[in-house]
Structure formats: structure tokens, C-alpha cells
Amino acid sequence: MKDSRRQFLSLAGLTALGVGMSGKAAISKDFVETGKLPESGLISNESDKILPSSLKSGSTIAITAPASPTSMYEIRHGIKFYKSMGCKIVVGETISKQRNENRYLSAKDHDRAEEFMSFINDDAIDAIVCARGGYGSMRILPYLDFEQIKKNPKIVIGFSDITALLNAIYKKTGLVTFHGPVASMEVDTQSSQSLKTVLFNNIVYPGNYIKKDNAIVINPGIASGELVGGNLTVYTSLMGTEYDIDTSGKILFLEDVSENGYQVDRMITQLLLAGKIQSASAVVFGVFKNLNVRRPFFPNRGYSILEVIEQLVKPTMIPTIVGFPFGHISGKVTLPIGINAEINTEKKTLKFSENTVS
């Protein structure tokens with residue numbers, strides 16, 4: 001029965017992928033002019049992993065807003081950190097010329113995509129730091145030139161809504177991206193140390209791991225695989241698209257903020273129905289706000305987020321742990337999407353198994 005189910009899921013996945021695109025020209029031109037996706041085979045480049053170059057003193061950092069608007073004042077935290085590391089800063093017009101004319105978006109879709117691609121194609125830029133999340137990065141995906149991104153690999157970092165951008169780039173190009181602080185967040189001691197280790201130092205050694213002693217073990221075990229994931233809401237929004245995240249044999253990390261228990265229930269159930277969690281080697285949940293709160297759900301009370309995770313994920317027997325320091329929190333760690341890692345629920349550690357940058 002299990003084998004039949006796996007075969008069905010595989011066939012369903014292949015059918016879904018058949019509506020993808022083989023190249024950027026088709027993506028941008030057809031999508032922009034007709035709003036329709038061309039009927040050609042999807043080419044995924046995940047297997048051809050590309051490490052971006054490490055940062056150092058003298059590197060140039062571009063800050064852009066591919067989702068919601070922000071301001072020069074709000075990104076002062078990111079500017080301060082990267083300048084303290086000896087980096088030069090370039091700020092995109094999606095921030096420097098922000099007039100709040102596009103409601104919850106920093107600029108029109110093609111303008112945000114164009115600015116992002118201009119930084120990709122600029123040889124003087126070593127890394128692209130997203131200014132903030134909010135909403136909107138999904139809307140620019142059809143306008144991006146993934147072939148150019150692959151030819152000009154560089155660090156791309158952000159989190160929350162930026163989950164869509166990070167995972168789409170890794171899926172389409174094989175370029176390792178980074179789930180970490182946006183420029184509008186304060187970079188405290190732990191966040192700073194993690195950024196230095198992951199983006200600057202480029203060192204893998206036995207002691208280089210993330211440890212969270214008070215993390216909650218749902219299913220015990222040791223597992224390894226490539227890291228993929230990010231924000232739970234955005235992750236589920238990618239499902240059924242050509243940017244859908246492959247979780248097979250991978251460590252899936254998930255976080256969210258301000259979601260009720262039933263909303264988390266709906267999204268995790270969707271992942272289970274799609275076979276995403278069952279195919280992963282492990283699941284690592286970040287810090288959820290109000291993890292143990294049972295909010296009203298007429299005519300009764302709802303389950304807490306922790307209860308939902310226990311009900312839905314525990315039966316899979318897949319190594320699962322809750323409460324690792326990433327997501328909408330201070331003291332967040334930076335997680336490289338695409339890098340091999342090992343999770344150990346007994347030691348409550350997540351260890352990178354290879355260098356994160358070249």
C-alpha cells in the first residue's frame with residue numbers, strides 16, 4: 001500500500017511539473033504579455049549546487065525591497081552591521097525613493113524584479129540583502145532571469161516572505177541562498193555571530209553547530225539532508241507551482257508568526273496530504289509566537305500550535321524538533337538553503353556538513 005501511494009505521489013508530482021518552463025525568455029515574455037505559462041518542461045537545477053563567494057572586508061552589499069516597502073531609517077540596522085564588517089553599501093531605489101504609492105508593495109512587480117536583476121548582473125555587487133518581508137516576492141518570480149542568476153552567483157539573504165525568492169532561486173539554479181536577517185532587523189549578538197560564521201568565515205568544523213537546549217522533541221532521531229524551507233505560509237503558497245519545494249530526503253525547516261492553531265493545522269495538513277513531510281528526512285520548526293496558546297474557535301477553543309504539531313507530525317515518526325532559533329525572533333541564526341546538514345534530536349543540535357560559501 002505504501003509503495004502504491006509513493007508511486008501515486010511521484011506521478012502526481014511529475015504531472016504538476018509538466019506545466020513548467022524551460023527558460024527565462026519564455027517565462028518573462030509569455031507571462032508578462034499573455035499572463036499564461038508556456039507548455040514546456042521544467043528544468044530544475046537543484047542537483048548542480050553552486051556556492052556563492054564568501055564576504056570579506058571591502059565586499060559590496062546591495063539592499064533591495066523585493067516585497068513590501070521600507071525606509072532608509074528602517075534599514076539602518078543592516079547597514080550598521082555590514083559596515084562594521086568593512087563592507088560597502090548600495091541601496092536600491094525601491095527603498096531610497098520610496099513614496100508608498102504601491103500600498104503593500106515597495107514598487108510595481110517588474111520594477112522590483114528589474115532592480116533585483118540589476119544587482120545580480122552588476123559585477124561590483126557581492127551580496128543582495130533583502131530589506132524586509134511582508135508580502136510580494138512571489139509576484140516577481142516570473143520576471144526573474146534565472147539563467148543570469150546562475151551565471152552570476154552571489155549571496156541572497158532574507159526570510160519571511162522572502163522564502164519564495166530564496167527557494168525559487170535554489171530550485172531553478174542550484175545557487176545556495178540564505179534564510180537570515182533582513183536589513184530592517186536589528187542584528188544582535190547571536191544573529192551577528194551566525195552571519196559571520198555562515199557568510200564571512202566559511203569554516204566547517206566539529207564545533208560549528210546550532211544548539212537549543214530547551215527545544216521540544218516531537219520525534220527522536222538523527223537525520224541528514226539538504227536544508228530547505230522557511231516561512232510556513234509562503235512555503236504552502238508555492239505548492240502546485242513550478243517553484244514548489246522538493247522535500248525528498250531533505251531537512252525541512254519551518255517557521256511562522258501570528259498564526260492561530262487552526263491555521264497552522266491547515267497548512268501542515270496540506271503538507272501531509274501532498275506527501276511533503278513524509279518524504280523529508282526530518283522537520284525542524286523554529287520559534288512560533290504563542291506556541292502553547294489555545295485561542296477561541298467558536299463554539300469551543302482551538303488547539304495550540306504545539307498540540308497541532310504533536311497530533312499531525314508525531315505519527316509520521318520522522319525526526320522532528322520544535323523551537324530552534326530562526327524565524328520572526330531576535331537572536332536568529334542564518335540557515336543556508338541547499339547545504340547538507342545533520343539534525344540530532346538527542347543533542348538538540350543542527351550541524352552544517354559542508355561549507356556554506358566558497
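Ser-137 is buried, its relative accessible area being 0%; buried means under 20% relative accessible area, exposed over 50%, and partly exposed in between (1.4 Å probe, protein chains only). The model is predicted: local features need pLDDT of at least 70, side-chain atom pairs count only at pLDDT 80 or more, and totals for chains, interfaces and linings use all residues. Residues are numbered from 1 along each chain as its sequence is written, and side-chain values use heavy atoms, with hydrogens and water left out.

**Overall make-up**

- The protein has 13 helices and 16 strands; helices (H or I, at least four residues) and strands (E, at least two) are DSSP runs, numbered from the N terminus.
- Of the 358 residues in the protein, 53% are buried.
- The accessible surface comes to about 15800 Å², and carbon and sulfur atoms hold 52% of it; accessible areas come from the Shrake-Rupley method with a 1.4 Å probe, and for residues only the protein chains shown count as cover.
- Among contacts (heavy atoms within 4.5 Å) with a separation of 6 or more, 79% join residues 24 or more positions apart.

**The nonpolar core**

- In soluble globular proteins, nonpolar side chains tend to be buried together.
- The largest nonpolar core has 96 residues, and those with the most contacts inside it are Tyr-82, Phe-116, Leu-144, Leu-199 and Ile-268.
- Helix 8 (residues 163-173) gives the most to this core, with 6 residues.
- A nonpolar core is a set of buried Ala, Val, Leu, Ile, Met, Phe, Trp, Tyr and Cys residues joined through side-chain atoms within 4.5 Å.

- The buried residues of helix 5 include Arg-112 and Phe-116.
- Ser-137 belongs to helix 6 (residues 137-140).
- Residues up to four places away in sequence aside, Ser-137 touches Pro-66, Ala-67, Arg-112, Asp-161, Ile-162, Ala-164 and Leu-165.

**Ile-343**

- Ile-343 lies in strand 15 (residues 340-344) and is buried, with a relative accessible area of 1%.
- Ile-210 is 133 residues from Ile-343 along the chain, and their C-alpha atoms are separated by 9.5 Å.

**Cysteines**

- The structure holds 0 disulfides, a disulfide being a pair of cysteine sulfur atoms within 2.5 Å.
- Cys-87 is buried at 6% relative accessible area, and Cys-130 is buried at 0%.
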